[in-house]
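Colleague: Please walk me through how to read this model. I would like the general idea, then the case here.

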Amino acid sequence: MRRASALGALILLGATALAPAAAAPTTVVDLGGARGYVRADAVASLVALELYVPAGLDRQTPQQNGLAALVAESVLETPVAPNGPALHDAVEADGGALAFVITPQSVRFALEGTPDAIAAAAPLLARALAAPSFTPLTLAAARAALGSRIAAQDGDARFVVLQMLRESYYRDGAAFPSFGNAGSLTAFAPSDAQAFYAAWYRRGGAFVSVAGRTGASTDAAGRVLVAALPAGDVAATVLASKPFAVEPKRIVTHRDVVAPYVGVGFAAPPLGDADFAAVLVVRALLDGVFERGGATTPLPMLSPSGSLYGYDTSPAQFVVWINGDAIDPSVGLGAVIALLKGAATKPIAQNVLDRYKETARGEWALETLSLDDRATAIGSAVARGLDADAADAVPAAIAAVTPADLERVAKKYFQKFDVALVMPRAAGSDGG
């Protein structure tokens, strides 16, 4: 994340030294009007604390593309005192890291650092949450920050593919880009940001997830953040998706890429669904289609293929992408479709299944390795009404997957899909 650089090396060092067995089960703490879900780890020296607020993409109207992110970014750009530094700079100066993540159904503000750094940062964040600045100056800084993130994603064909398929799959605000776009952000006035904040930043529906070296100071930090949100409830939302057509929808755009990228988007079960573990095995199977041996692991953008699974949202989406600089897109797309049709028509051999189950367990372990990952796993489960430690049950569920399970989920989820294609922009072209 943009503002995690100051602690990046320290957090990575702390995360890699952690033993998962050292983490105790999650406990629930009353934070006064909201709950905290706390996963203590006796080995950790750092802590990740995340505040979830039900003010995500789904709260945006069709005319509010990017407003959820603009409000969240404005919180981070709010000065900690008159003529003082922006909140994110003040937190970083105290040895912490602060960022936000927008999802289809929430915004989460993530603090990372030592317990002392969290204790110092929480009151600063609380003041900004209670009275965020939406002045023209603050909004201009927020637009600039979001513009950098938009440009970074627009330059990564994987995220372009993902957004195209999200727009094709989801309805309403959940289909919008996480940060809006440069054009949409310029349309919002201070009154728009203030109205969005007043409508959705409420204590009801908010909660805190914490992982790492927790204790009285982190509990107090959670209470301060919860108390900063205005009292009141907001109605829960239900995301809607679009049905797939009999023939795949094909979406094409142009970007400054050296070779085409192709993506395939499928419906998928979310975390907690009975089919979730089997789809993780399908993911491992798909990731292995174009696997090439080598002495080093290529950067994600240089990999021949990969996948993105949004399992923290219901309905969930699964996307496979193929790098046309490494694999001919038509050949790669054909290989993916052939593999999935084969998986749906005959059981996979047990020895092959066992190999990919082991891969799936390893991939899942990597997704819940860092403290931020663990806090997010807790938050994703709680947001879906699951047990806070639902992620812990996934390895055993993967181990129990049978050939029949794999065949069933291949038929259920992976026979209908949409296709997105990112083509190189022709010289002198301004096409989208």
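**Reading a buried charge and beyond**

Modeller: Start with Asp-41: at 3% relative accessibility, Asp-41 counts as buried. Buried means under 20% relative accessible area, exposed over 50%, and partly exposed in between (1.4 Å probe, protein chains only). This is a predicted model: local features need pLDDT of at least 70, side-chain atom pairs count only at pLDDT 80 or more, and totals for chains, interfaces and linings use all residues. Residues are numbered from 1 along each chain as its sequence is written, and side-chain values use heavy atoms, with hydrogens and water left out.

Colleague: Which side chain meets Asp-41 in a salt bridge?

Modeller: Side chains of opposite charge can pair when their charged atoms come close. The rule asks for a side-chain nitrogen of Lys or Arg within 4 Å of a carboxyl oxygen of Asp or Glu. Here Arg-374 pairs with Asp-41 at 2.7 Å, N to O. The two lie 333 residues apart, with Arg-374 in helix α13 (371–383) and Asp-41 in the loop between β2 (35–40) and β3 (47–53). Helices (H or I, at least four residues) and strands (E, at least two) are DSSP runs, numbered from the N terminus. Arg-374 also counts as buried, at 11% relative accessibility.

Colleague: How many salt bridges does the rule give?

Modeller: The count is 14. One of them joins Arg-283 and Glu-363, at 3.7 Å, N to O. Arg-283 sits in helix α10 and Glu-363 in helix α12 (350–367), so this pair ties together parts 80 residues apart in sequence. Both Arg-283 and Glu-363 are buried. There is also a network that links Asp-275, Asp-405, Arg-408 and Lys-412.

Colleague: What does a salt bridge inside one helix look like?

Modeller: An α-helix has 3.6 residues a turn, so residues three or four places apart point the same way. Take Glu-407 and Lys-411, whose closest N and O atoms are 3.6 Å apart. They are four residues apart in helix α15 (403–413), about one helical turn. Glu-407 is buried, at 16%, while Lys-411 is partly exposed, at 48%.

Colleague: In what order do the strands of the open sheet run?

Modeller: Strands of a sheet pair through backbone hydrogen bonds, either parallel or antiparallel. Two strands pair if DSSP finds at least two bridges between them. This open sheet has five strands, ordered β7-β11-β8-β10-β9, with mixed pairing.

Colleague: Which strands does helix α11 touch?

Modeller: Contact means heavy atoms within 4.5 Å. Helix α11 (329–345) packs on the sheet and touches β7, β8, β10 and β11. Its direction makes about 140° with that of β10. Axes are lines fitted to C-alpha atoms, for helices over the stretch in contact, and angles run from 0 to 180 degrees between N-to-C directions.

Colleague: Which residues of helix α8 are buried?

Modeller: In α8 (190–200), Ala-193, Phe-196 and Tyr-197 are buried. They cover an arc of only 100° around the axis, which puts them on the same side of α8. The arc is that of the directions from the helix axis to the C-beta atoms. The buried residues of α8 pack against α2 (67–77), α4 (115–130) and α5 (136–154).
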